[in-house]
Amino acid sequence: MVDFGCGHGGDVVQLSQLGAGLAIGLDVRPELIADNQARLEAPGVQFTTHLSVELAAKVDLVISVDAFEHFDDPAFIMKEMQRCLRPGGEVWISFGPPWCHPRGGHLFSVFPWAHLILSEKALIRWRAQYFHDGATRFNEVAGGLNKMTLAEFDALIATSGLKVLELHRRPIWGRPLVQKILGREFGTAMVMARLQK
């Protein structure tokens, strides 16, 4: 099992405890990987910033929880997921809120849809009052933000070579009427996909 965007590693350890023979937490932030390695020692659990080429077509399950909107190159990530899966293996992805959600800008959504109304430059300038990391774009902040829309995610799936087993777009507040009024892009709070190689 591989967790793409494992963050603080809790899901990796839990899946190992549930029986995963090898559970790998993958994250691009080396400081998180180092912290996880120091805190979460468990048999069959590994944390890394990149996947070994030896894992090609050997993984039964890939997960990605609340990370897909943060990947700098989501097309590359989808290819890596497909590459490491064995035939019949599955990918489980959930993320949200997507870019057009009222809070899709995450920290930059200082009010609903602020990230769509105000320029990236203006929001980065506002953020610089509180964070002094030199970020000049959304994707440069800690954790990054790639502006993932539902249409972009659907296009990634379509070109991935993976079969869609399930694809759910949960409406804001669990109310389908809100999704109908605002439209799919603006009225979806979370995306969940189950894909198979």
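**Exercise 1. Determine which helix gives the largest share of the nonpolar patch, and describe the patch.**

Step 1. Helix α7 supplies the largest share of the nonpolar patch, 3 residues. Helices (H or I, at least four residues) and strands (E, at least two) are DSSP runs, numbered from the N terminus. The model is predicted: local features need pLDDT of at least 70, side-chain atom pairs count only at pLDDT 80 or more, and totals for chains, interfaces and linings use all residues. Residues are numbered from 1 along each chain as its sequence is written, and side-chain values use heavy atoms, with hydrogens and water left out.

Step 2. At least two patch residues come from each of α4 (114–117) and α7 (176–182).

Step 3. The members of this surface patch are Val110, Phe111, Leu116, Ile117, Leu118, Leu177, Ile181, Leu182 and Phe186, and together they have about 800 Å² of accessible area. Patches are made of residues with over 30% relative accessible area and no salt bridge; like charges are joined within 9 Å, and nonpolar side chains (Val, Leu, Ile, Met, Phe, Trp, Tyr) within 5 Å. Accessible areas come from the Shrake-Rupley method with a 1.4 Å probe, and for residues only the protein chains shown count as cover.

Step 4. Phe111 lies in the loop between β5 and α4. Phe111 counts as partly exposed because its relative accessibility is 35% (buried means under 20% relative accessible area, exposed over 50%, partly exposed in between, with a 1.4 Å probe and protein chains only).

**Exercise 2. Describe the volume and lining of the largest pocket.**

Step 1. The largest pocket holds about 500 Å³ of space. On a 1 Å grid over the protein atoms alone, a pocket is an open set of points where a 1.4 Å probe fits, with protein on both sides within 12 Å along at least five of seven lines; lining residues have an atom within 4 Å of a point. Grid points are joined across faces, edges and corners, and a volume is the space filled by probe spheres set on the points.

Step 2. The lining comprises 24 residues, of which Gly5, Leu26, Asp27, Val28 and Phe71 lie nearest the centre of the pocket. Helix α3 (residues 74–84) gives the most to this lining, with 3 residues.

Step 3. Sorted by class, the lining has 9 nonpolar, 9 polar and 6 charged residues. Here Ala, Val, Leu, Ile, Met, Phe, Trp, Tyr, Cys and Pro count as nonpolar, Asp, Glu, Lys and Arg as charged, and the others, Gly among them, as polar.

Step 4. Asp27 forms a salt bridge with Arg29, and their closest N and O atoms are 3.0 Å apart (a salt bridge is a side-chain nitrogen of Lys or Arg within 4 Å of a carboxyl oxygen of Asp or Glu). Asp27 is buried at 6% relative accessibility, whereas Arg29 is partly exposed at 28%.

**Exercise 3. Identify the residues that line the second largest pocket, then examine Arg194.**

Step 1. The second largest pocket has a volume of about 170 Å³. Its lining consists of Ile63, Ser64, Val65, Trp92, Ile93, Ser94, Glu166, His168, Met192, Ala193 and Arg194. Two or more of these residues come from each of β4 (59–65), β5 (85–95), β6 (163–171) and β7 (188–196).

Step 2. Ala193 is placed in strand β7 and is buried, with a relative accessible area of 6%.

Step 3. Arg194 pairs with Glu90 in a salt bridge, the closest N and O atoms being 2.7 Å apart. Because Glu90 lies in strand β5 and Arg194 in strand β7, the pair ties together parts that are 104 residues apart in sequence.

Step 4. Glu90 is buried at 14% relative accessibility, while Arg194 is partly exposed at 29%. A network of salt bridges links Glu90, Glu166 and Arg194.

**Exercise 4. Locate the cis peptide bond and the residues, other than glycine, with a positive phi.**

Step 1. Most residues other than glycine have a negative phi, and most peptide bonds are trans.

Step 2. The peptide bond from Gly96 to Pro97 is cis, with omega near 0 degrees. Pro97 belongs to the loop between β5 and α4.

Step 3. Ala57 has a positive phi of about 60 degrees and is found in the loop between β3 (45–48) and β4. Asp66 has a positive phi of about 55 degrees and is found in the loop between β4 and α3.
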